[in-house]
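Have the sequence and the model open side by side.

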Amino acid sequence: MKNKKYIIITIIIVLIIIFIGFVKTQKIGSNEKLKKENIEIKNQKDKNEKNFLEYMLKSKNSDISILIVNKVPKYISANNIKIAEDLLIHASEITTDENLKNIINFRLAKIQIEEKKIDKALISLEKIKSLEWIGIKENLKGDIFKLRDEIDKSIESFKKVIQSNTEIKLKEIAKIKINEI
């Protein structure tokens with residue numbers, strides 16, 4: 001009778017061990033499956049993002065410009081500056097809205113300055129034509145000329161800020177920049 005109890009208990013323990021081993025094996029297998037699925041999802045997202053980027057760069061629809069402007073910070077934060085610059089150049093070419101074009105060219109100039117493409121930044125700023133943007137445009141041009149050690153041009157740009165119809169704070173900043181030169 002005692003032997004029967006030990007045999008039954010031993011069989012139950014062996015079955016429990018086999019069951020636990022089976023469950024762990026299933027769990028490990030499902031973890032591997034989840035990892036593979038996550039990799040596939042990431043690859044699909046990357047592929048979709050690449051296709052979307054190609055679409056944005058090929059599109060001639062001016063409405064896509066707003067979408068591009070909203071996407072650029074994502075590329076900048078991912079340190080894909082070249083893509084951000086290319087997108088902004090394309091958006092500037094296809095947009096029909098002058099105010100949006102000014103925003104795009106201003107952002108483009110700031111990126112180009114960070115990338116040490118000073119001449120291109122000046123070209124981007126020259127595309128800003130609206131009178132409302134003169135103060136902001138000339139302030140950045142003054143900074144560019146200061147970087148290039150073109151002090152007279154820098155002071156001239158900052159004076160244009162002061163003479164423009166811009167915010168008082170920006171005018172005060174321009175005065176400070178002139179005094180620092």
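Q: At roughly what angle do the axes of helix H2 (residues 64–77) and H4 cross?

A: Quick note: this is a predicted model, where local features need pLDDT of at least 70, side-chain atom pairs count only at pLDDT 80 or more, and totals for chains, interfaces and linings use all residues. Residues are numbered from 1 along each chain as its sequence is written, and side-chain values use heavy atoms, with hydrogens and water left out. Axes are lines fitted to C-alpha atoms, for helices over the stretch in contact, with angles running from 0 to 180 degrees between N-to-C directions. The axes of H2 and H4 come within 11 Å, and they cross at roughly 20 degrees.

Q: How is H3 oriented relative to H4, roughly parallel or roughly antiparallel?

A: The axes of helix H3 (residues 81–94) and H4 come within 9 Å and cross at roughly 150 degrees. That angle makes H3, relative to H4, roughly antiparallel.

Q: Is Asn-102 buried or exposed?

A: Asn-102 is found in helix H4 (residues 98–114); helices are DSSP runs (H or I, at least four residues), as strands are (E, at least two), numbered from the N terminus. Buried means under 20% relative accessible area, exposed over 50%, and partly exposed in between (1.4 Å probe, protein chains only). Since its relative accessibility is 0%, Asn-102 counts as buried.

Q: Which residue's side chain makes a polar contact with the side chain of Asn-102?

A: Leaving aside neighbours within four places in sequence, Asn-102 is in contact with several residues, including Lys-127, Ile-128 and Trp-133. The side-chain polar contact, at 2.8 Å, is with Ser-130.

Q: What is the phi of Lys-116, about?

A: Lys-116 lies in the loop between H4 and helix H5 (118–126). With 69% relative accessibility, Lys-116 counts as exposed. Although Lys-116 is not a glycine, its phi is positive, at about 65 degrees.

Q: Where does Asp-149 lie?

A: Asp-149 is a residue other than glycine with a positive phi, near 60 degrees. At 63% relative accessibility, Asp-149 counts as exposed. Asp-149 lies in the loop between helix H6 (134–147) and helix H7 (151–163).

Terms used. Polar contact = N/O pair within 3.5 Å; in protein donor to acceptor, adjacent residues only side chain to side chain. Contact = heavy atoms within 4.5 Å. Parallel < 35°, antiparallel > 145°, perpendicular 65-115°, else oblique.
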